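Take a look at the structure, then read on.

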Amino acid sequence: MTTTALLRKRVAWGRIALHAGCLAALLVMLYPLAWLLATSLKPANEVIASLDLLPSHIAWSNYTTALDGVNGVSIWRLLGNSLLIAGGAVLGNVFSCSLAAYAFARLRFRMRRPLFAFMIATIMLPHHAVLIPQYIIFNKLGLVNTYWPLILPKFLATEAFFVFLIVQFMRGLPRELEEAARIDGCGPFRSFFSIVLPLTRPALITTAIFTFIWTWNDFFTQLIYLFDPDKFTLTLALRSFVDASSQSSFGPMFAMSVIALLPIVLFFLAFQRFLVEGMASSGLKG
C-alpha cells in the first residue's frame, strides 16, 4: 500500500472518529430534553419510581391538566403574561442598549472612556446585589405586583453585556458612511436610525435572542415582584404543581415544562436565519 493510500485511510478514520465523537456529544446534550419529553407522558406512579426512559403507556392526561392551568388561571393567560414580559424586555434592551452603544462607539464626549470602563465593571456585579435597592425603589413607586419592574429597567440600558456586544460591532462599521451622511446634513440621531442601526442587525438579533431566552427562563426576579396568580408567568406556574397541595403533580409539571419550552425553540428558529444571514454578510463591516 502506497504512502498516499495510507494517508487517505488515516484521514478517513480520523473523520469517522470525529463524527462519532460529535454524535456522542450530541446525544449527551439531547438526553435531558428526551427525558423531559418522555417523563411528561408518564403516569404519575412512574415519574419518580421508574428509571426507564420510555413510559409503560402514554398518559395524555398530563397535558390535559397542564392546559387547564393552575390556581384558576388558564395556560393561555400564563403564556400571554410570559410573552408580554419577554417581548417588552426584548424591545427595551434592543432600543436602549443600541443607543448607549452608539454613544460609546461613535460620539465624543467627556469621561467617555471612564464611563465605558465603569459600565463594563457592572457586568461583574451580581444581580442579587442590586435586587434589594431596586425592590425598595419600585415599592415606593407602587409598582410592585406589576410588570413594570420586569420591563422598565430594560429601557434604561442596564444590561452592560449587550451594550458591550453592540459597541464592539459598531466599532467595526466604516465611518465613511456616517461622514457622507453628515455632509448631506444628517445629525447623530438620523445617522443612527438610518445608517448605523440597520448595519448592526446581527448584534441586535443576538441581543434579542438572548434577552428573550433569559427573560423567559427568569424565575427569581418574577417571584420577587409578582404576587397575584393572574399575573403569573409559565415559569412561576410550574412551582404551583409542587406547592399547591401536599401531593406534587410531577406529570403535569413536566408537561407544562415542555409547553414552556416551545416558544423559546420557535423564537430561536425564527431568528436563526436572520442571524446566519447577518453574520454571512458581516464583510460589510470593512
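The structure holds three salt bridges, where a salt bridge is a side-chain nitrogen of Lys or Arg within 4 Å of a carboxyl oxygen of Asp or Glu. Keep in mind that this is a predicted model, so local features need pLDDT of at least 70 and side-chain atom pairs count only at pLDDT 80 or more, while totals for chains, interfaces and linings use all residues. Residues are numbered from 1 along each chain as its sequence is written, and side-chain values use heavy atoms, with hydrogens and water left out.

**Salt bridges**

- Arg106 and Glu178 pair up through their side chains, at 2.5 Å from N to O.
- That pair ties together distant parts of the chain, with Arg106 in helix H4 and Glu178 in helix H9 (residues 175-183), 72 residues apart; helices here are DSSP runs (H or I, at least four residues), numbered from the N terminus.
- Arg106 is buried at 7% relative accessible area, and Glu178 is buried at 5%; buried means under 20%, exposed over 50%, and partly exposed in between, with a 1.4 Å probe and protein chains only.
- Glu159 bridges to Lys154, with the closest N and O atoms 2.8 Å apart.
- Glu159 is partly exposed at 22%, whereas Lys154 counts as buried at 16%.
- Lys231 and Asp228 make a salt bridge too, their closest N and O atoms being 3.7 Å apart.

**The largest pocket**

- The largest pocket holds about 830 Å³ of space; on a 1 Å grid over the protein atoms alone, a pocket is an open set of points where a 1.4 Å probe fits, with protein on both sides within 12 Å along at least five of seven lines.
- Its lining has 28 residues, and the closest to the centre are His127, Val130, Lys154, Thr158 and Glu159; a lining residue has an atom within 4 Å of a point.
- H6 gives the most to this lining, with four residues.
- The lining of the largest pocket splits into 16 nonpolar, nine polar and three charged residues; Ala, Val, Leu, Ile, Met, Phe, Trp, Tyr, Cys and Pro count as nonpolar, Asp, Glu, Lys and Arg as charged, and the others, Gly among them, as polar.

**The second largest pocket**

- The second largest pocket has a volume of about 180 Å³.
- Leu33, Leu36, Leu37, Val258, Leu261, Leu262 and Val265 line the second largest pocket, making seven nonpolar, no polar and no charged residues.
- H14 supplies the largest share of that lining, four residues.

Key
Grid points are joined across faces, edges and corners, and a volume is the space filled by probe spheres set on the points. Helices (H or I, at least four residues) and strands (E, at least two) are DSSP runs, numbered from the N terminus.
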